[in-house]
Amino acid sequence: MQLTLEFGGGLELLCESVKIHKVNVDPPNGPEKFIMKDLLSWVRTNLIKERPEMFMKGDSVRPGVLVLVNDCDWELSGQLDTTLEDKDVVVFISTLHGG
Amino acid sequence: METNGVGGSAADMSRILSELETLKTAKNDIDRRISALEAQLRDTTNIQDKNDTVSNGSCPLISAVHSNINHDLTPDSVYRYSRHLLLPSFGVQGQSNLLKSSILVIGAGGLGSPALLYLAACGVGRLGIVDHDVVELNNMHRQVIHTEAYIGQPKVKSAAATCRSINSTVQIVEYQEALRTSNALEILSQYDIVVDATDNAPSRYMISDCCVVLGKPLVSGAALGLEGQLTVYNYNGGPCYRCLFPTPPPTSACQRCSDSGVLGVVPGIIGCLQALEAIKIAGAVGEPLSGRMLLFDALSARIRIVKIRGRSSQCEVCGENSAFTQQQFKNFDYEKFTQAPLSTLPVKLNLLPEDSRISSKEYKEKIDNGEAHVLVDVRPEHHFKIVSLPNSINIPLASLEVRLPEISKALKEEDNSGSGASLYVVCRRGNDSQRAVQCLQKMGFNSARDIIGGLESWGHDVDPNFPTY
Ligand SMILES: [Zn+2]
């Protein structure tokens with residue numbers, strides 16, 4: 001399954017300052033069911049190179065991180081249970097406070 | 001070849017023409033000032049007339065005799081805002097709404113500067129400015145409302161002066177104080193729209209909660225590094241800040257411009273967009289950025305507008321079952337909630353015992369006495385490139401553990417007498433240097449000591465010519 005993963009708001013620093021990752025993921029439970037929960041653990045294993053606690057807390061993202069699946073807040077699609085499809089774009093963005 | 005005569009008269013002619021041009025410009029300028037003053041006089045009389053007839057009810061006063069006007073814009077306003085009036089989708093109604101509106105901008109920094117410039121220029125009726133800070137030289141690259149003449153003076157005073165010089169018809173209100181739960185309700189309640197142009201997490205929660213309690217739309221912007229974010233909270237069924245971020249982020253995820261840097265134009269763009277959203281709400285035109293968020297990435301020239309969740313029924317502040325009252329707001333400890341200070345003063349850690357630390361003055365004495373030592377600078381490499389102390393070696397904190405052999409080697413090289421060289425650690429402000437010393441002592445470098453207050457104190461106490469940043 002091909003996915004585009006984007007990191008922003010400083011989260012890219014956790015994956016060698018690369019913002020856009022075009023990745024190929026092998027769904028562990030077959031191609032029918034690949035959900036955000038699976039993706040998060042895949043990202044943690046394969047992309048996050050340092051300070052994983054800055055990306056995840058428990059089995060979800062840490063507070064202050066917005067997750068967008070195809071430009072839509074994952075709250076609207078079922079959060080960790082959101083089913084992913086080939087060519088989906090998932091954005092992880094840390095909220096900014098500066099001004 | 002031209003004769004002197006012809007050349008002379010040509011020069012004369014051009015001199016006369018240019019003088020004429022100058023005088024004409026001056027005349028136009030004086031004419032403009034005369035009509036502005038005449039208009040002001042008319043306005044004052046109108047206001048007096050209005051006040052005299054106030055018992056007459058809400059009927060708008062139409063004083064024009066020889067023109068047909070059915071709006072309440074003065075001739076001067078018609079001229080000043082004519083390009084707004086010419087917009088079919090904004091027009092007289094939009095401008096009229098704007099002139100009656102009041103907007104509060106919290107923070108006169110990187111976001112607030114451009115927002116205030118446009119809000120003053122566009123003719124908001126009343127414009128409030130909140131800030132407790134003073135203008136500093138290292139603000140000037142992005143806080144474009146301030147001029148060098150105001151360095152050291154309150155930002156509110158400086159911003160208000162600029163706003164007044166752009167548009168003397170806008171009522172500018174100055175709040176030269178930090179926003180707190182003790183004064184927020186009182187201040188925010190006097191405005192229709194709130195613009196959050198602050199720079200820290202506790203302020204953002206506090207302002208959002210206050211807007212929910214008072215039922216005010218909140219135009220929220222943020223910028224850091226080369227990225228910006230923008231949305232409108234608590235408006236048209238959209239979420240509040242807490243609906244989106246019910247739990248505060250860890251403090252280590254809250255970077256500040258003074259630590260991480262910011263390209264000046266980035267908050268400039270977000271601040272302009274905040275002014276735009278505030279103008280749309282005040283003018284009652286267009287679709288506000290509510291339930292959506294704009295994400296701006298300057299480096300890759302990408303703007304992404306994403307759909308975010310609506311108001312959450314579970315929200316502790318704006319949700320269905322929430323009973324968050326004004327009194328609860330007043331008692332809420334936002335600094336404790338976010339584990340971060342409301343002011344932007346840098347933190348000063350104190351992790352080490354006294355005998356593991358020396359002052360910058362003591363370190364200077366050690367250099368003067370020729371003491372054999374190694375100075376490790378643990379700042380990131382791009383900081384080291386800005387400025388560093390002579391003979392220091394740069395080993396960023398993040399790579400300290402893997403580069404310990406370099407320190408051992410340097411210590412051996414410095415040890416001329418055989419009695420051992422000392423090890424000192426420095427950073428920008430004296431926090432990371434303490435973390436580094438903790439790590440070094442754990443790894444067997446028992447004599448490692450940090451320089452209290454870092455390079456900032458070196459610049460302050462030892463060498464005033466040392467560049468600070
Ligand atoms: Zn809410």
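What follows describes nonpolar cores and a sheet in this predicted model.

**The nonpolar cores**

The largest nonpolar core has 40 residues, and the members touching the most others are Leu104(B), Ile106(B), Leu179(B), Leu188(B), Met293(B) and Phe329(B). Both chains contribute elements that give two or more residues: from chain A these are β5 (65–69) and β6 (89–94), while chain B brings, among others, β1 (102–106), β3 (171–175) and α7 (181–188). Helix α8(B) supplies the largest share, 6 residues.

To see the surroundings of one such member, look at Leu104(B). Beyond its neighbours within four places in sequence, Leu104(B) is in contact with residues including Gly128(B), Tyr175(B), Leu188(B) and Val195(B). A separate core of 39 residues lies apart from the largest one, and Ala115(B), Leu119(B), Val266(B) and Ile270(B) are among its members.

**The sheet in chain A**

Chain A has an open, mixed sheet of 4 strands, ordered β2-β1-β6-β5. At its edges are β2 and β5 of chain A, each pairing on one side only. On average, neighbouring strands are turned by 20 degrees against each other, direction ignored.

Strands β1(A) and β2(A) run antiparallel and are joined by 5 bridges; within β2(A), Ile20(A) is the bridge partner of Glu6(A). Helix α1 of chain A lies across β1, β2, β5 and β6 of that chain, at about 65 degrees to β6(A).

| Element | Residues |
|---|---|
| β1(A) | 2–8 |
| β2(A) | 20–24 |
| α1(A) | 36–46 |

Terms used:
Residues are numbered from 1 along each chain as its sequence is written. Chains are lettered from A and ligands numbered from 1 in the order in which they are written. This is a predicted model: local features need pLDDT of at least 70, side-chain atom pairs count only at pLDDT 80 or more; totals for chains, interfaces and linings use all residues. Side-chain values use heavy atoms; hydrogens and water are left out. A nonpolar core is a set of buried Ala, Val, Leu, Ile, Met, Phe, Trp, Tyr and Cys residues joined through side-chain atoms within 4.5 Å. Buried means under 20% relative accessible area, exposed over 50%, partly exposed in between (1.4 Å probe, protein chains only). Contact means heavy atoms within 4.5 Å. Two strands pair if DSSP finds at least two bridges between them. Axes are lines fitted to C-alpha atoms, for helices over the stretch in contact, and angles run from 0 to 180 degrees between N-to-C directions.
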